[in-house]
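User: I would like a close look at one part of this model, with the cut-offs behind each term. Please keep the answer connected and plain.

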Amino acid sequence: MWATDVSYIPLARGFMYLVRMGSTSHYTHDKIKKTKKDELSHESLAANIRKEPDMPREWLRRLPSRAFWSINRCGVRWLTLLCDVWRHSFVRYACYVALGVWALAADPFTLSSTSDRALSREYQNIHVRLSGVETAPLTVVMIDAQSIRELHAGGLGWMSSDDWPLNYNDHARLITDLTVNQPHPPSTLFYDVFFEVPRSSSGDLGRLGTRISRLSNQANLAALFFAGGGSPMPISELSYQLLAEPRVAPTSWSGHGDDYPMTAPVPFQDSDRVDVMPTPAVALYQALCDAEERSCDWLTPSEAPDLSLQWAARAAPECVPEEPFTRTRALLKRFSQGVLQGLYGRAEPHHLSPTCLPIHLVRASQLYGNEPVSLVPPGIDEGAPYAVMVGVVMPSTLDYVTTPIYEQLPGVLLHAVAFENLWRLESDYFRYSDMTLWGIGAWCLTVLLFMQQAKRRQHSPPRSKILMFLLWWLVITLAVLFLQGVFYSLMRVVPEGWLSLIAVIPLLREVVLRNEAATLQLKEKKIVTNKKAFTSEKTP
């Protein structure tokens, strides 16, 4: 039986439409006369449903067209209502703000993050070339393939290994030469070679541990630190014991992004033991502070925030030109190369040479021979304490980091640059800060400015839209860069997500201006229409 309640009419109409779709083969369109006279209203339809349990098929065929026009009228009413709501300024303002939040925080199509990384890279390149820094009291000794070949010398040299990895006896000899056998030995040394598990092909790890223990127990010798691995590369308990339980520093960690942590866990294989230790840069910084009797009480590694690495260049003519004209030309050249790279995908701009790092770099083989290179960093006072880091520079180890200034560098230089930042900046070292909320706040203010600009353009449109767009882009860029400089110079903050405003806001500005122009035109048309209707009503 058909429902007799009028409130069920829409459900009945939908059901009858399905019945019609299943039985169209039994009826033809010739039996239906499409005239206004035969159309049924809602009331007559309800009355026929109550009277006739078996509704005629001809009426069912009219229902699809009636349903379509009913839905169409409903959609028109909703669109009219939305248009009336959209005319309110605060509604449009809320929508524009939501659009900006989506573009900055949700990072659609990685637009915000990609632009922020690219602009941050260019900002660092320009900032580095403005002024050089002094060389830090640190020497990095690099064990590379050429040094191994020269020290092996076809079996005639002191090094028994002719390729990497080295024999444990070679490690013991190198550590001894860098500490005891130096006329001016370092105050602290970090040996960035990870002895994960004992390797029988490299000799007796216990003998190396005995040598390390003797050197560590001698007075007036360097404080020794060794690579302790970390997450996800734990050291084995057996290696740690054979090395006479030396002081270790974590060399791998996770969950810190591009920042350099002050402490990190040092897990052990097949054990629940996890020691939280200072990272290599922090360990050497504290040891050198003690040797120099320098006040470093400001640093509590377990409580200090992560360090945001700042790559610098030493003050030298080949790195940072001294003459203002030459420096300005180098800056403009680097800026133009970055713009062409971003627009046309040309080859990467020229990077600085690793020799421009404010760190004394020495190859291991240069410390031997008839004219050995001094291990003491240049520029420090005679007898002043200094630190040494030893690392492996070998493509097969895959221990490289990508930098915005020097392209790819060996992993040991990451710890070296972190040490240089701590020694030069001390408690004013740079910290990471997410500036997305600041960017959203800036967008909320600029939306009001853009809406006011759209009203002025409605009455006095600009002569050149392209020129106006470039002018606004320049103003936005200068404002963002000025605040970026304030964050860097005064607050010592690396503002993540701030430079992306240079790319995002000009695009959102065009969206606001175009929508405001269309809305204001509709408003004016409605006002004109209302005036004509009012005038026609007054006219007899």
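Does phenylalanine 268 count as buried or exposed, and at what relative accessibility?

Analyst: This is a predicted model, in which local features need pLDDT of at least 70 and side-chain atom pairs count only at pLDDT 80 or more, while totals for chains, interfaces and linings use all residues. Residues are numbered from 1 along each chain as its sequence is written, and side-chain values use heavy atoms, with hydrogens and water left out.

Phenylalanine 268 counts as buried, at 4% relative accessibility. The term buried means under 20% relative accessible area, exposed means over 50%, and partly exposed lies in between (1.4 Å probe, protein chains only). Tyrosine 240 is buried too, with a relative accessible area of 10%.

There are 13 aromatic pairs. Rings of Phe, Tyr and Trp (its six-membered ring) pair if their centres lie within 6.5 Å; planes under 30 degrees apart are stacked, over 60 edge-to-face, and the rest tilted. The ring centres of tyrosine 240 and phenylalanine 268 are 5.2 Å apart and the planes are at 70°, so this pair is edge-to-face. The pair links distant parts of the chain, 28 residues apart: tyrosine 240 lies in helix 9 (residues 237-242), phenylalanine 268 in the loop between strand 5 (263-267) and strand 6 (274-278). Helices (H or I, at least four residues) and strands (E, at least two) are DSSP runs, numbered from the N terminus.

Elsewhere, ring pairs link Tyr285, Trp298, Phe419, Trp423 and Tyr429 into a cluster. The charged end of arginine 294 sits over the ring of tryptophan 423, 3.9 Å from its centre, and that of arginine 431 sits over the ring of tyrosine 429, 4.1 Å from its centre. For this, NZ of Lys or CZ of Arg must be within 6 Å of the ring centre and within 35 degrees of the ring normal.

Two strands pair if DSSP finds at least two bridges between them. Strand 2 (residues 188-192) is joined to strand 8 (residues 387-393) by 5 bridges, with leucine 189 opposite valine 388. Strand 2 also pairs with strand 3 over 4 bridges, where phenylalanine 190 stands opposite phenylalanine 225.
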